[in-house]
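Trainee: I have a new structure open and would like a quick tour. Can we go through it together?

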Amino acid sequence: MADSALSILVIDENRARAAIIEAGLREAGHEKVTLVHSMAGIARRIEEAAPEVIVIDLENPNRDMLEDMFQLSRAVRRPVAMFVDRSDSDSIAAAVEAGVSAYVVDGLRRERIKPILDIAVSRFNAFARLSRELQKVRDELEGRKVVDRAKRLLMKAKGIGEDEAYALLRRTAMNKNRKITEIAQSLVTAADLLGDGA
C-alpha cells in the first residue's frame, strides 16, 4: 500500500493544532485523514474509523492522561505517533513500554509531521516483525519440548530408543498428513489423561 493511501486518525482536543497536523499530512499527500477533537468514547471512534496510523497531540498532558493514551496504544496495535509539549524520563519510558512508535516532545511543526509519521510506521513494522519472529521461536521451542516428551513416552511404553521413537512420530505424522508436533501433542495429552506422564 502506498504511504499516501494510509488512513490516519488525528486525536487532538485543540482544533488549531489539529489543523496544523492535518495540513502537514495533506501536504505530504495523505488524503484519508480523520480528526477527533474529544477523548469521550475514543475507543469506539477508533474502531469506527479503523485507521492504519494514529496521531495523538497532547498539549499539557497530566500523568493520568498519559497513562490513558499509553493504554490506548497497547490496545490498538497500530503505529501511534504522540506529540506532547513537555515530558520527563518516566513518561518517555512509559511511552516506549506502551509501544508508542514516535514520542515527540515540543516538536509540532507542519514540516516535521510526515517524517515523524514515516518513522512511526517503520518502527511499528519493525517491532511487529520482531514480535512475530519471537513468537515463532517460542512456538518452535515449545514444539520441541512436546516432541521430546512424546519421544520419552514412546521409549518407555515400547522399550525403544530415541531415534526409533522419533521415526515412529515422524512416520505417524506423514501417514496422518499432520505435523509431528500435532501428533506429539496428541500423545502427550492422551498420556496426561491416562496418568502416564513422562
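Trainee: Which residues in H5 meet which residues in H7?

Mentor: Gly143, Val146, Val147, Arg149, Ala150, Leu153 and Leu154 of H5 meet Ile180, Thr181, Ala184, Gln185, Leu187, Val188, Ala191 and Asp192 of H7. Contact means heavy atoms within 4.5 Å. Helices (H or I, at least four residues) and strands (E, at least two) are DSSP runs, numbered from the N terminus.

Trainee: What classes of residue are in that contact of H5 with H7?

Mentor: The contact of H5 with H7 has ten nonpolar, three polar and two charged residues. Ala, Val, Leu, Ile, Met, Phe, Trp, Tyr, Cys and Pro count as nonpolar; Asp, Glu, Lys and Arg as charged; the others, Gly among them, as polar.

Trainee: Before we go on, what am I looking at here?

Mentor: This is a predicted model: local features need pLDDT of at least 70, side-chain atom pairs count only at pLDDT 80 or more, and totals for chains, interfaces and linings use all residues. Residues are numbered from 1 along each chain as its sequence is written, and side-chain values use heavy atoms, with hydrogens and water left out.

Trainee: Back to the helices. At what angle do H5 and H7 pack?

Mentor: About 55°, with their axes 8 Å apart. Axes are lines fitted to C-alpha atoms, for helices over the stretch in contact, and angles run from 0 to 180 degrees between N-to-C directions. H5 and H7 are therefore oblique to each other. Angles under 35 degrees count as roughly parallel, over 145 as roughly antiparallel, 65 to 115 as roughly perpendicular and the rest as oblique.

Trainee: Is the crossing of H5 and H7 left-handed or right-handed?

Mentor: Left-handed. A crossing is left-handed if the near helix is turned anticlockwise from the far one by less than a right angle, and right-handed if clockwise.

Trainee: And how do H5 and H6 pack?

Mentor: Their angle is about 110°, and their axes are 9 Å apart. That makes H5 roughly perpendicular to H6. H5 passes H6 in a right-handed crossing. On the H5 side, the contact is made by Val147, Ala150, Lys151, Leu154, Met155 and Lys158. On the H6 side, Glu162, Ala165, Tyr166, Leu168 and Leu169 take part. By class, the contact of H5 with H6 has eight nonpolar, no polar and three charged residues.

Trainee: Let's zoom in on Lys151. Is Lys151 buried or exposed?

Mentor: Lys151 counts as buried, at 10% relative accessibility. Buried means under 20% relative accessible area, exposed over 50%, partly exposed in between (1.4 Å probe, protein chains only).

Trainee: What is Lys151 in contact with, leaving aside neighbours within four places in sequence?

Mentor: Glu162, Ala165, Tyr166 and Leu169.

Trainee: What do the side chains of Lys151 and Glu162 form?

Mentor: They meet in a salt bridge, at 2.8 Å, N to O. Lys151 lies in helix H5 and Glu162 in helix H6 (residues 162-176), so the pair ties together parts that are eleven residues apart in sequence. Glu162 counts as partly exposed, at 43% relative accessibility. A salt bridge is a side-chain nitrogen of Lys or Arg within 4 Å of a carboxyl oxygen of Asp or Glu.

Trainee: How far apart are the closest N and O atoms of Lys151 and Asp148?

Mentor: They are 3.4 Å apart, in another salt bridge. Lys151 and Asp148 are three residues apart in helix H5 (residues 113-158), so about one helical turn separates them. Asp148 counts as partly exposed, at 34% relative accessibility.

Trainee: Which residue forms a salt bridge with Arg149?

Mentor: Asp192, at 2.5 Å, N to O. Asp192 lies in helix H7 (residues 180-194) and Arg149 in helix H5, so the pair ties together parts that are 43 residues apart in sequence. Asp192 is partly exposed, at 45% relative accessibility.

Trainee: How many salt bridges does the structure hold?

Mentor: Eight.

Trainee: New topic: the backbone. What is the phi of Asn177?

Mentor: Positive, about 55°, although Asn177 is not a glycine. Asn177 is found in the loop between H6 and H7. At 72% relative accessibility, Asn177 counts as exposed.

Trainee: What about the phi of Ala50?

Mentor: Ala50 also is not a glycine, and its phi is positive, about 45°. Ala50 sits in the loop between helix H2 (42-49) and strand E3 (53-58). Ala50 counts as partly exposed, at 44% relative accessibility.

Trainee: Last one. How far apart are Leu6 and Pro51 in space?

Mentor: They are 7.8 Å apart, C-alpha to C-alpha, and 45 residues apart in sequence. Leu6 is in the segment before strand E1 (7-11). Leu6 is buried, with a relative accessible area of 11%.
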